[in-house]
Amino acid sequence: MNSPASNSDDILNGAARSLRNVRFAPIGTKSQALRRAHFWGKLSKATMAVGAVLIGAGIIGGIIGGIGFWGVMITALLMTTAAYVLMRFPQMPMPTAESLKITDLGTLAGKTEIWLEAQRPALPAPAVTLMQDIGVRLDQLAPQLQTLDDNDPAAREVRKLVGEHLPELINGYKRIPDSLRHKEHAGKTPAQQLVDGLKTIDREIETMTGQISRGELDKLAVRGRYLEIRYDNAAENGQGV
């Protein structure tokens with residue numbers, strides 16, 4: 001029979017494993033789609049390079065009557081090198097807070113998810129859990145973004161929320177020293193302010209998705225102005241959210 005202490009250790013270890021899985025799992029399908037596209041693009045180039053080496057070896061062999069043992073070894077080496085280099089490079093460009101502001105609408109959701117996934121190690125556990133919810137919201141938003149023009153006022157409001165407010169919220173938290181992240185300021189700790197801010201953004205993404213699908217773009221612009229005022233006031237008060 002397991003002791004209470006042993007059961008407690010098992011529970012804690014299980015919770016730690018679950019948190020690690022959440023920290024490294026993709027938060028949405030759009031980030032996965034971008035990674036797959038990058039992988040298959042590199043694989044296609046590597047396959048073409050290997051094919052070119054084989055064709056080149058065949059042409060040379062036909063001209064000189066065979067390439068011999070060393071020719072085969074050199075061909076294999078060239079094929080291996082080409083495949084290795086083209087599968088390893090180039091690395092997938094990582095989105096930044098600055099690049100999200102100008103990312104095209106078609107990839108905005110996926111690149112935001114990739115950026116969020118990279119931020120998780122620096123965030124508290126409740127915020128990491130919320131990332132999964134935001135990932136779902138971004139997946140739902142992505143098809144609606146396809147209906148907008150880049151110069152549409154609604155597109156600018158979405159980009160402002162996802163490409164500006166969200167990164168500013170997280171980067172603001174990360175700039176706070178570790179020793180101060182759990183000390184109260186204005187009634188809440190920075191960690192609590194971060195979680196509250198992420199919950200607000202999660203709800204706003206859901207609201208924006210519905211408004212775009214219903215064509216309520218005027219309402220979307222009004223909510224965008226409300227959010228801008230809200231976040232500007234929070235920044236002036238030094239609350240980070």
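What you have on screen is a predicted model. Keep that in mind throughout.

The overall fold first. The protein has nine helices and zero strands. Along the sequence, the pattern reads α-α-α-α-α-α-α-α-α. The protein has 241 residues, and 36% of them count as buried. Now the contacts. Take those between residues at least 6 apart in sequence: 74% of them join residues at least 24 apart.

On to the core. Which residues touch the most other members of the largest nonpolar core? They are L116, I170 and L198, out of 36 residues in that core. Several helices build it. α4, residues 97-100, and α5, residues 105-119, each supply at least two residues. So do α6 (125-145), α7 and α8 (190-214).

Look at I170 for a moment. Set aside residues up to four places away in sequence. I170 then touches W115, L116, Q119, L123, M131, L194 and L198. Note that L116 and L198 are in that list.

Next, Y173. It sits in helix α7, which covers residues 153-174. Is Y173 buried or exposed? Its relative accessible area is 5%, and the cut-off for buried is under 20%, so Y173 is buried.

What is Y173 in contact with, beyond its neighbours within four places in sequence? The list is A122, L123, P124, R181, P190, A191 and L194. Pick out L194. L194 and Y173 are 21 residues apart in sequence, yet their C-alpha atoms are 6.7 Å apart in space. L194 is also touched by I170.

The protein exposes about 13700 Å², and carbon and sulfur atoms supply 60% of that. There is a nonpolar surface patch of about 1300 Å². Its residues are I55, I59, I60, I63, I64, I67, F69, W70, V72, M73, I74 and L78.

Where does the patch come from? Two elements give two or more residues each: α2, residues 29-64, and α3, residues 68-88. Which of them gives the largest share? That is α3, with six residues. From the other helix, take I59 as one example: I59 lies in α2.

To close, two places to look at on screen. One is Y173, buried in the model. The other is the nonpolar patch, with its largest share from α3. Thanks.

Definitions and conventions. Residues numbered from 1 in each chain as written. Predicted model: local features only at pLDDT ≥ 70, side-chain atom pairs only at ≥ 80, totals over all residues. Heavy atoms only, no water. Helix = DSSP H or I, 4+ residues; strand = E, 2+ residues; numbered from the N terminus. Buried < 20%, exposed > 50% of the residue type's maximum accessible area, 1.4 Å probe, protein only. Contact = heavy atoms within 4.5 Å. Areas by Shrake-Rupley, 256 points an atom, 1.4 Å probe, with all protein chains shown as cover. Core = buried A, V, L, I, M, F, W, Y, C linked by side-chain atoms within 4.5 Å. Patch = residues over 30% accessible without salt bridge, like charges linked within 9 Å, V, L, I, M, F, W, Y side chains within 5 Å. Salt bridge = Lys/Arg side-chain N within 4 Å of Asp/Glu carboxyl O.
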